[in-house]
Amino acid sequence: MSKYGEIRNDFYDDEEQKVYIDAWFTEDDNEEGIVIAKVNYKTKEIEYLDNDARTDDYAQEIINETLSEIDNGDYENC
């Protein structure tokens, strides 16, 4: 079971060349999310900002999805 209620990978920073892995703990629309990891879309290096994301199944699923999207060229124009 994940400690995160929702995780998204829909923001990337052109300056950092990284996809942000954002997480929320609840489904409350007023809750502010946190960045739990960043994936460099040029090198695919992962920077963990929340250590729990290293072993959390849900976080790893989204990170692996992000790596696959990078391989598929989804961030080609970045």
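1. Lys44 is partly exposed, with a relative accessible area of 36%; here buried means under 20% relative accessible area, exposed over 50%, and partly exposed in between (1.4 Å probe, protein chains only). This residue lies in the loop between β3 and β4, and its phi is near 65°, a positive value in a residue other than glycine. Most residues other than glycine have a negative phi.

2. On the basis of the note: the model is predicted, so that local features need pLDDT of at least 70 and side-chain atom pairs count only at pLDDT 80 or more, whereas totals for chains, interfaces and linings use all residues. Residues are numbered from 1 along each chain as its sequence is written, and side-chain values use heavy atoms, with hydrogens and water left out.

3. Gln17 also has a positive phi, near 60°, and is a residue other than glycine. Gln17 sits in the loop between β1 and β2 and is partly exposed, with a relative accessible area of 31%. The two strands form a hairpin with four residues between them. Helices (H or I, at least four residues) and strands (E, at least two) are DSSP runs, numbered from the N terminus.

4. Four strands make up an open sheet in the order β1-β2-β3-β4, with antiparallel pairing; two strands pair if DSSP finds at least two bridges between them. β1 and β4 stand at the edges, each with a single partner strand, so one side of each has no neighbour in the sheet. From one strand to the next the twist averages 25°, where axes are lines fitted to C-alpha atoms, for helices over the stretch in contact, and angles run from 0 to 180 degrees between N-to-C directions.

5. β1 and β2 run antiparallel and are joined by six bridges. Ile7 has Ala23 in β2 as its bridge partner. α1 packs on the sheet, touching β1, β2, β3 and β4, and its direction makes about 35° with that of β1; contact means heavy atoms within 4.5 Å.

6. Helix α1 covers residues 57–71, 15 residues in all, and reaches 21 Å from its first C-alpha to its last, close to the 21 Å expected at 1.5 Å a residue. The expected span is 1.5 Å times one less than the number of residues. Its buried residues include Ala59, Ile62, Ile63, Leu67 and Ile70, and among them are also Gln60, Thr66 and Glu69.

7. The ends of α1 deserve a separate remark. Just after the helix, Gly73 takes a positive phi of about 85°.
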